[in-house]
Amino acid sequence: MTLGELNEYYRLVEQLNRARELLRSLEGSAVPGSPVLNGLPGAPGYGDRVGKLAVEIADIRARVRSLEDEAGQKRREIELYVNGIPDDQTRMIFRLRFLRGLRWKDVAAIVGGGNTKDSVKMACYRHIES
């Protein structure tokens, strides 16, 4: 497995999280408002806000499903690779960074032992090069 493949999965998960957040936002915006019951006909240019958002919501839902399928497939490949790493600490670094999607500084904090973001990153790069 290459660093490029691992980083591609990391970016895919970030993209999936952004798409999910956008979907939640759109769904929250699609709450219908109260109709104005004044007996007058509606003016041109006004429309059904919920109906217009429904199309966007359907598109984003499809995008989320597509990203989930792609991420699921790549995750299985990465899990097989990570589970094959013999060193416990290196395996944990890979899990935290690439499977849980943590930033390098957060990986270093969890690994502990005086590790910095640079040291855990270098451990990852050394393993990939070997």
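Partly exposed here means a relative accessible area between the buried range, under 20%, and the exposed range, over 50%. Asp87, at 40% relative accessibility, therefore counts as partly exposed. Keep in mind that this is a predicted model. Here's a quick tour, from that loop residue to the core.

- Asp87 sits in the loop between α2 (49-83) and α3.
- His127 is 40 residues away from Asp87 along the chain, yet their C-alpha atoms are separated by 9.6 Å.
- Arg91 belongs to helix α3, which covers residues 88-99.
- With 15% relative accessibility, Arg91 counts as buried, because the cut-off for buried is under 20%.
- The side chains of Arg91 and Asp88 are joined by a polar contact of 2.3 Å.
- If you skip neighbours within four places in sequence, Arg91 has contacts with Val82, Asn83, Ile85 and Pro86.

**The nonpolar core**
- The largest nonpolar core holds 32 residues, and Ile93, Phe94, Phe98, Val107 and Cys124 have the most contacts inside it.
- At least two residues of this core come from each of α1, α2, α3, α4 (104-111) and α5 (117-129).
- Not counting residues up to four places away in sequence, Ile93 touches Trp104, Val107, Val111, Val120, Ala123 and Cys124.

**Helix α1**
- Buried residues of α1 include Leu6, Leu12, Leu16, Leu23 and Leu26, along with Asn7, Tyr9, Tyr10 and Ala19.

Conventions. Residues numbered from 1 in each chain as written. Predicted model: local features only at pLDDT ≥ 70, side-chain atom pairs only at ≥ 80, totals over all residues. Heavy atoms only, no water. Buried < 20%, exposed > 50% of the residue type's maximum accessible area, 1.4 Å probe, protein only. Helix = DSSP H or I, 4+ residues; strand = E, 2+ residues; numbered from the N terminus. Polar contact = N/O pair within 3.5 Å; in protein donor to acceptor, adjacent residues only side chain to side chain. Contact = heavy atoms within 4.5 Å. Core = buried A, V, L, I, M, F, W, Y, C linked by side-chain atoms within 4.5 Å.
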